[in-house]
Amino acid sequence: MELPTELFGLNPAHVDEGDCLLLKSDNLKALGWLLQKEHLKVDFCYIDPPYNTGSSFVYHDKRQRRDVSIWSKHHDWLAFMLPRLVATQMLLNDQGVIAVSIDDYEYPYLKILMDSVFGEINFISSLIVCRSKNGKGGKANVAVNHEYVLLYGKTQKAALRGVEDSDLERYDKEDEHGKYKIDGLFRKKGDASRREDRPNMFYPLYYSQDGQVYTKKIREDLIEVWPSDSKGIERRWLWGREKAESESWKLYASAKGVVYVKNYSSANKRIKIRSILDKQEYLNDKAAREVKLIYGEKIFETPKPIGLIKDLIDCCSPPDAVVLDYFAGTGTTAHACYLLNKEKGACRKSILVEHEFVIPDTHFAGVAGFRNTAEMTEFRLRKIKEADSEFDYVALAV
Ligand SMILES: C[S@@+](CC[C@H](N)C(=O)[O-])C[C@H]1O[C@@H](n2cnc3c(N)ncnc32)[C@H](O)[C@@H]1O
């Protein structure tokens, strides 16, 4: 079947906000189908695969047959993931990024698999997500309350946009240029920080007791300071003398003469994502409450919180991105894209894939009236559309 061209034309920026395509299919088949679409390139892929916990969820989560290979009980799960990751690698554009949620059981195996498929050089980071306050008690005296998000770029061109700096209270100082905080030394640290590394960046500065910094001793009360560290080693400043002269208003000296670069806040300022993600809104409890609100009751065991997926999408993809999630479950990724589009004027489109796994009548999702897992995904898309007629989605069985 052909993709609707108005949804997946050449220029995704021209697509109406909130658009989503749901493919109801085995994801390997769907990925093969997407690969045939000549002009389709994915900017960001987020997946939350079955973790191989052995639990009996509404979807199959036990691929632990003992195998003779060195991968042992992990072999079948790796064999399941490998072709899907290879297809993802082919679908991503050169700046594209993939993020995969996983827990301790498959983390080391997934890391090695992704190193081989995406290249070790394209590994960006392992984020650690605090997923509950109290954790699970499987191991003696350890309540595990974290999981991971593994991040890889398709190539070295992949770059994260960072996250919006929401902690504005830390900008506790102010001058005529705005609010700022003091958190970065003007003296270079680490590699290539010695005087001999950049001799032209070794020069005296002068500071006053009210924190002003000058490149010339224009007044008697100014105190001279050099870029030497606490051990007396001669290091260097971050900038050359000329830049320090024209931008001296960006420098600040403490009463003891330690020189810093002022870090100004600005509208929509972005900072690097931290590798430990521990916001309240990232907790699994939050996801459970969100699902209950949307579906009226608990219908799924392992949903992800919207806040976490929103922040990952916002950090890892441009505002006009095509975002792919082929383990869609309750469709959190499409919901997160929709909300980002609304809140930030972005125009991301999402492609979801969810299998039509039959749900037993006895499972709580079955009792709630869902016959297969893709119906649960579509239910959420329908709900968004009911609340906002501007949101449009297409569901196809491929
Ligand atoms: C861990 S859940 C994802 C939950 C999702 N992140 C959410 O927030 O609801 C994994 C999902 O992938 C689906 N799935 C598993 N194997 C699949 C396959 N081969 N093709 C398509 N979907 C599959 C399962 O039915 C399940 O809904």
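Is Ile-359 buried or exposed? At 4% relative accessibility, Ile-359 counts as buried. Buried means under 20% relative accessible area, exposed means over 50%, and partly exposed is in between, with a 1.4 Å probe and protein chains only.

Before I go on, a word on the model. It is predicted, so local features need pLDDT of at least 70, side-chain atom pairs count only at pLDDT 80 or more, and totals for chains, interfaces and linings use all residues. Residues are numbered from 1 along each chain as its sequence is written, and side-chain values use heavy atoms, with hydrogens and water left out.

Let's stay with Ile-359. It sits in the loop between β19 (349–354) and α8 (364–367). Those labels are DSSP runs, numbered from the N terminus: helices are H or I with at least four residues, strands are E with at least two. What does Ile-359 touch, leaving aside neighbours within four places in sequence? Its partners are Val-58, Ala-365, Gly-366, Phe-370, Arg-371, Asn-372, Thr-373 and Met-376. Contact here means heavy atoms within 4.5 Å. Now compare Ile-359 with Glu-38. They are 321 residues apart in sequence and 35 Å apart in space, C-alpha to C-alpha.

Now the whole chain. It has nine helices and 20 strands. Its C-alpha atoms fill a box of roughly 85 × 50 × 40 Å, taken along the principal axes. There are 398 residues, and 50% of them count as buried. Take the contacts with a separation of 6 or more: 71% of them join residues 24 or more positions apart.

How is the chain divided into domains? Domain 1 covers 12–165 + 273–397, and domain 2 covers 169–264. These bounds come from an automatic or database domain assignment. The C-alpha centres of the two domains lie 45 Å apart.

Next, two buried strand residues. Leu-205 lies in strand β11, residues 205–207. Its relative accessibility is 0%, so it counts as buried. Not counting residues up to four places away, Leu-205 touches Phe-186, Val-213, Tyr-214, Thr-215, Ile-223, Glu-224, Val-225, Trp-237 and Val-259. Leu-205 and Ala-336 are 131 residues apart in sequence and 49 Å apart in space, C-alpha to C-alpha.

Ala-99 is in strand β3, residues 92–102. Ala-99 also counts as buried, because its relative accessibility is 0%. Beyond four places in sequence, Ala-99 meets Phe-44, Cys-45, Tyr-46, Ile-47, Val-149, Leu-150 and Leu-151. From Ala-99 to Lys-298 is 199 residues in sequence and 26 Å in space, C-alpha to C-alpha.

On to helix pairs. Take α2 (residues 75–91) and α3 (residues 107–118). Their axes come within 10 Å and cross at roughly 35°. Axes are lines fitted to C-alpha atoms, for helices over the stretch in contact, and angles run from 0 to 180 degrees between N-to-C directions. Which residues of α2 and α3 make the contact? From α2 come Trp-77, Leu-78, Met-81, Leu-82, Leu-85, Val-86, Thr-88 and Gln-89. From α3 come Tyr-109, Leu-110, Leu-113, Met-114, Val-117 and Phe-118. That is twelve nonpolar, two polar and no charged residues. For the classes, Ala, Val, Leu, Ile, Met, Phe, Trp, Tyr, Cys and Pro are nonpolar, Asp, Glu, Lys and Arg are charged, and the others, Gly among them, are polar.

Asp-115 is buried, because its relative accessible area is 15%. Not counting residues up to four places away, Asp-115 touches Glu-120, Phe-123 and Tyr-152.

The second pair is α7 (residues 332–344) and α9 (residues 373–387). Here the axes come within 9 Å and cross at roughly 20°. So α7 is roughly parallel to α9. The cut-offs: under 35 degrees is roughly parallel, over 145 roughly antiparallel, 65 to 115 roughly perpendicular, and the rest oblique. The contact uses Thr-332, Ala-334, His-335 and Tyr-338 of α7, with Arg-380, Leu-381 and Ile-384 of α9. By class, that gives four nonpolar, two polar and one charged.

Last, two asparagines. Asn-52 has phi near 65°, a positive value in a residue other than glycine. Asn-52 lies in the loop between β2 (42–47) and α2. Asn-141 has phi near 60°, positive as well. Its loop runs between β5 (136–139) and β6 (142–144). Which is the accessibility class of each? Asn-52 is buried, with a relative accessible area of 1%. Asn-141 is at 83%, so it counts as exposed.
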